Amino acid sequence: MSFFGVGNPFGTPVGQKIEQATDGSLPSENWALNMEICDIVNTSADGPKDAIKAIRKRLTQSAGRNYTVVMYTLTVLETCVKNCGKSFHILVCNKEFISDLVKLIGPKTILQQLCRKTFDFLYFPTFYFIFFY
């Protein structure tokens with residue numbers, strides 16, 4: 001079984017923060033909380049794995065239902081990619097995780113901004129890894 005499917009991803013410290021940061025009732029992104037998430041990811045051994053599990057769960061449970069939650073989750077993901085280390089980057093490049101991101105821009109997705117943000121995110125790590133790893 002994949003490590004993505006085990007346990008409640010929102011039961012960990014970073015998972016709880018991700019759930020708070022991606023709450024659809026927020027008026028806008030909470031950048032302080034997003035950076036706090038990055039700090040947890042960078043300082044705890046299970047931080048990267050727990051963060052990816054929580055982000056993936058949030059994206060899959062909200063896709064097609066809550067545009068705001070998906071956009072906030074993509075913002076958290078982008079913030080982590082830009083501010084977290086190699087162990088997080090390796091997990092982001094996992095085939096299962098990328099597959100879930102690609103599903104966000106499938107034929108049922110009509111929201112142009114969501115498609116663009118997802119595409120931009122998928123494209124960014126490719127260039128990042130080519131030049132920095």
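Before looking at any pair, I noted the rule I would need: angles under 35 degrees count as roughly parallel, over 145 as roughly antiparallel, 65 to 115 as roughly perpendicular, and the rest as oblique. I also reminded myself that this is a predicted model. Two packed helices are described by the angle between their axes and the distance between the axes, so I looked up both each time.

**Entry 1: α2 and α4**

I found these two packed at an angle of about 50°, with axes 9 Å apart. Which residues make the contact? From α2 I listed Trp 31, Asn 34, Met 35, Ile 37, Cys 38 and Asn 42. From α4 I listed Thr 75, Val 76, Thr 79, Cys 80 and Asn 83. Sorted by class, the contact of α2 with α4 has six nonpolar residues, five polar ones and no charged ones.

**Entry 2: α1 and α2**

Next I turned to helix α1 (residues 13–21) and helix α2 (residues 31–43), whose axes come within 10 Å and cross at roughly 165°. The cut-off here is over 145, and α1 and α2 are therefore roughly antiparallel to each other. I wrote down a left-handed crossing for α1 and α2. On the α1 side I saw Pro 13, Val 14, Lys 17, Ile 18, Gln 20 and Ala 21. They meet Leu 33, Asn 34, Glu 36, Ile 37, Ile 40 and Val 41 in α2. I sorted the contact of α1 with α2 into eight nonpolar, two polar and two charged residues.

**Entry 3: α3 and α4**

How far apart are the axes of α3 and α4? I read 9 Å, with an angle of about 160° between helix α3 (residues 47–62) and helix α4 (residues 67–83). So α3 and α4 are roughly antiparallel to each other. The crossing of α3 past α4 is left-handed. The α3 residues in the contact are Ile 55, Arg 58, Leu 59 and Ser 62. Those of α4 are Val 69, Val 70, Thr 73, Leu 74, Val 76 and Leu 77. By class, I noted seven nonpolar, two polar and one charged for the contact of α3 with α4.

**Entry 4: rings**

I then searched for aromatic pairs and found zero in the structure.

Technical notes
Residues numbered from 1 in each chain as written. Predicted model: local features only at pLDDT ≥ 70, side-chain atom pairs only at ≥ 80, totals over all residues. Heavy atoms only, no water. Phe/Tyr/Trp six-rings, centres within 6.5 Å; stacked < 30°, edge-to-face > 60°. Axes fitted to C-alpha atoms, helices over the stretch in contact; angles between N-to-C directions. Helix = DSSP H or I, 4+ residues; strand = E, 2+ residues; numbered from the N terminus. Left-handed = near helix turned anticlockwise from the far one by under 90°. Contact = heavy atoms within 4.5 Å. Nonpolar A, V, L, I, M, F, W, Y, C, P; charged D, E, K, R; others polar.
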